[in-house]
Amino acid sequence: MRKHIFNAGPCKLPDSTLENVSKAVLEFGNTGQSIMEVSHRSADFQAVYEEAVALFKEVLNIPEGYSVLFLGGGASMQFCMIPFNFLKTKAAYVNTGTWSTAAIKEAKMWGEVEIVASSEADGFTYYPEFTIPSDVDYMHITSNNTIRGTEIFYDPTSPVPLICDMSSDICSRPVDVSKYAMIYGGCQKNLGPAGVTFVIIKDDFLNNVVADRMIPTMLRYKTHVDKESMYNTPPCINIFGVKETLKWVKAMGGVEAMEKLAIERADMLYAELERSKVFRPVVKEGSRSRMNIPFLLREGYESLEKEFLDFAKTKNLVGLKGHRSVGGFRASTYNACTIEDVKALVAAMQEFEAKHI
Ligand SMILES: *Cc1c(COP(=O)(O)O)cnc(C)c1O
C-alpha cells in the first residue's frame, strides 16, 4: 500500500511519473532498450531532453533569451559554480537558513560577501526584509527554506543580476522569470528524482563571467549552454523523470493550479496547528512556507515526540521527523502531496490529541 509521504527530498512524486519511469526502465519507447541503456545522443533520448526543456519553458512561462540546463552535482554544486563564474569583487546574499549559509560559505572563497539581511538571531523563523545594493556583482536569495519552513511569494525587482535557489518551491507558483538572471535548484523536491539539477540562466548574463579567472570546463556555465547540457553524459533517467513530472504539472492545470493546491494544503495544516492543544507551529505568520511546515509539541507535551512519530507510522504517514537542526516534526507538502495526504495527517494529529488531553 502506498504511504502518505511527507519526505523533504527526495519526496513524493506523481503516480504517473512512477508508472512511466518504470515502463521506460523496462523498455524505452519502441527502442528495445531501457532508458538506462540508450545513448544520450540518440534521437530518441534527444526528444526526451527537448520535451523536458520545452515543457519547463511552457509551464514556467520562461521568456526568450533564457537557457534551461539539466546538470549533475545538485544545488550544492551551484553554490560554488555561481561565485566561481560571476563573483568578481562583491556579491550580496540573504541568509535565511542552512542552504543559504552553505551558499555563502562557497561565495566567500571568491570575493567579498555582503549579508544584506539575516534571520539567524531569531532561529530563521521568519523571512527578513531586504534591500538590494547596486554595487555588487549579483544578489542571491533562497525563495523557500526547506529546513526552516519560510518562503517568499514574490519576485523581487533588482538593480543587479538576481539569482535564486528555488530548489524546494519551483513550479509551486507562477514566477516572473524575467526578474532573474538565474534560477536553479535540485530537482528532487518538486520536479523529479534526485540526481539532476535545473538551471534557468539568462543568456546575456553569461557575459558577466569573470574574464581573467581560470574556470574548469565542467564548472563553466557557458560550456553547458553551448552544448545544451550534453557536454558530458547527462543524468538520462532523471531527466526522463523530470519530463514526466512536468507533463503531470501541465495536465493538472499548470503552476496556477499547483499554487491553489499548495495554499489549500498549507492553510489546512496551519489551521490545525493554530487550533491544536498539543502541536504548535514554529514559523511566524507571513513567512510560512507552503512546501515545508515544521511543527513542535506544545509546552507540557514535549516528551511525546517519539510516540507521535510511531503513531503516525501506524496511520501510514511517513517522513514527518523534523530536521535534526530544528527538532520536532516537519511535513513537506510539495506539488505531488495531495489534499487527502494532508487530511490523513490532520486526522492523525486530532486522534493523537484526543488520547493525550
Ligand atoms: C535540498 C536543497 C538544496 C541542496 O540540494 P542538493 O541537490 O542536495 O545539493 C539546496 N537548496 C535548497 C533550498 C534545498 O532545499
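Predicted model: local features only at pLDDT ≥ 70, side-chain atom pairs only at ≥ 80, totals over all residues.
Let's begin at the ligand.

Now zoom in on individual atoms. The side chain of threonine 146 places a polar atom 2.4 Å from an oxygen atom of the ligand. Aspartate 165 also uses a polar side-chain atom, and this one sits 2.6 Å from a ligand nitrogen atom. With alanine 75 the backbone takes part: one of its N or O atoms lies 3.0 Å from an oxygen atom of the ligand. How much of the ligand does the protein bury? On its own the ligand would expose 390 Å², and the protein buries 87% of that.

Next, turn to two helices, H7 (residues 254-275) and H9 (residues 339-356). To describe a packed pair like this, one gives the angle between the two axes and the distance between them. For H7 and H9 the angle is about 5°, and the axes are 10 Å apart. Angles under 35 degrees count as roughly parallel, so H7 is roughly parallel to H9. If you want to trace the contact on screen, look on the H7 side for Leu261, Glu264, Arg265, Met268, Leu269, Glu272, Leu273 and Arg275. Their partners in H9 are Ile339, Val342, Lys343, Leu345, Val346, Met349, Gln350 and Glu353. Sorted by class, this contact has 9 nonpolar, 6 charged and 1 polar residues.

Finally, two spots in the backbone deserve a look. Between strand S1 (4-5) and helix H1 (15-26) runs a loop that holds proline 10. Is the peptide bond from glycine 9 to proline 10 cis or trans? It is cis, with omega near 0°. The other spot is serine 229, in the loop that links helix H5 (221-226) and helix H6 (236-251). Serine 229 has a phi near 65°, which is a positive value in a residue other than glycine.

Notes
Residues numbered from 1 in each chain as written. Heavy atoms only, no water. Polar contact = N/O pair within 3.5 Å; in protein donor to acceptor, adjacent residues only side chain to side chain. Areas by Shrake-Rupley, 256 points an atom, 1.4 Å probe, with all protein chains shown as cover. Axes fitted to C-alpha atoms, helices over the stretch in contact; angles between N-to-C directions. Helix = DSSP H or I, 4+ residues; strand = E, 2+ residues; numbered from the N terminus. Parallel < 35°, antiparallel > 145°, perpendicular 65-115°, else oblique. Contact = heavy atoms within 4.5 Å. Nonpolar A, V, L, I, M, F, W, Y, C, P; charged D, E, K, R; others polar.
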